[in-house]
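Welcome! Please take a moment to look over the sequence and the 3D structure, and then we will walk through some of its details together.

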Amino acid sequence: MSVDNSSSASPSSERKADLFRKLSADSVLILPNAWDAASAAVIAAAGATAIATTSGGVSWSLGRGDGQHLTRDEMLQAAQRIVNTVDLPVTVDIEGGYGPAPEDVADTVRAVAGAGAVGVNLEDSQAVGGPLFDLADQTARLHAAREAAAAAGLPGLFVNARTDVFLFAIGPSAGRLDEVLKRTAAYAEAGADGIFVPGLLDLDALATLCAESPLPVNAMAVAGGPTIAELTQAGVRRISLGTALAQTAYTAARQAAAELLTTGTYDSLTDSLDFSTLNTLFHP
């Protein structure tokens, strides 16, 4: 599949970008993460108002481990299939931007806009576990993303800046919130529209971050963690699930396969979506 990233954003993309910004501003935005066209279609049918991708899920579907092992083209092809399947705004996890330089990030953002997506997540870690890009380098990368979106004819593209200070336990624990606040202020100056802090689920710390951040805060919910209501009460404005839905889907597949292979029964399939329901989610 080829992705046309040479032309300006279409009127459809501009409309979806405006809608995505309105959804982000008007209420708490809940984003169950998709990893392929089928998962996106199912999530849309469940009532989602926008679709976010998960790089982990995309990576697993292509036989890779998560952690910046995708190529730009592989990510774009997955994003394009999702955009072509659902009539909702799509925001794409572009990991570290598929290259360390601002020019690499700019190339990725132009390509994402060309694919019809209207948002990106850009992380500040150079690799799984760190290190993080230093502040000057990451702000330059975010600035390049902002300029690239405008050059692609989609100035409204939503740039969600992800910082991995808590996810990868960077630095002394007592100083992590201050580091996030420092990075958030700098990322806002560079043109980011939101701040994503995976790994931070302490409600008191989240409340402090939400109160002091110049950007709306995105949290990653996890099983056993704070509820949507609790995260909302703390001031979080966007909530996503990362790889959790993909993990659930693959767990269900493993359980059904194990039942078939061990007991010869099919009870795990009882509550599955039926063939017709799934098949009608897709264009001929």
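In which helix is E230 found? E230 belongs to helix α9, residues 228–234; helices here are DSSP runs of H or I with at least four residues, strands are runs of E with at least two, and both are numbered from the N terminus. Before going on, please note that this is a predicted model, in which local features need pLDDT of at least 70, side-chain atom pairs count only at pLDDT 80 or more, and totals for chains, interfaces and linings use all residues. Residues are numbered from 1 along each chain as its sequence is written, and side-chain values use heavy atoms, with hydrogens and water left out.

Back to E230: this residue is partly exposed, because its relative accessible area is 37%.

Now let us visit some loops. In the loop between α3 (55–61) and α4 (72–85) sits Q68, a residue other than glycine whose phi is positive, near 65°. Q68 has a relative accessible area of 27%, so it is partly exposed. Y98, in the loop between β4 (90–93) and α5 (102–114), also is not glycine and has a positive phi, near 60°. Is Y98 buried or exposed? Y98 is buried, because its relative accessible area is 16%.

Next comes helix α7, residues 176–189. Its 14 residues should span 20 Å at 1.5 Å a residue, and its end C-alpha atoms are 20 Å apart, so the two values agree; the expected span is 1.5 Å times one less than the number of residues. Which residues of α7 are buried? They are R176, L177, V180, L181, R183, T184, A186 and Y187. An α-helix has 3.6 residues a turn, so residues three or four places apart point the same way. The buried residues of α7 pack against α6, β6 (158–162), β7 (194–196) and α8 (203–212), where contact means heavy atoms within 4.5 Å. Just after α7, G191 takes a positive phi of about 110°.

Finally, look at the aromatic rings. Rings of Phe, Tyr and Trp (its six-membered ring) pair if their centres lie within 6.5 Å; planes under 30 degrees apart are stacked, over 60 edge-to-face, and the rest tilted. The count by this rule is 3 aromatic pairs. One of them joins F20 and F158 edge-to-face, at 5.6 Å centre to centre and 85° between the planes. This pair links distant parts of the chain, with F20 in helix α1 (residues 11–26) and F158 in strand β6, 138 residues apart. Both F20 and F158 are buried. W60 and Y250 also form an edge-to-face pair, with 6.5 Å between centres and 65° between planes. Here W60 lies in helix α3 and Y250 in helix α10 (residues 244–262), 190 residues apart. W60 counts as partly exposed because its relative accessibility is 33%. Ring pairs link W35, W60 and Y250 into a cluster.

Terms used. Buried means under 20% relative accessible area, exposed over 50%, partly exposed in between (1.4 Å probe, protein chains only).
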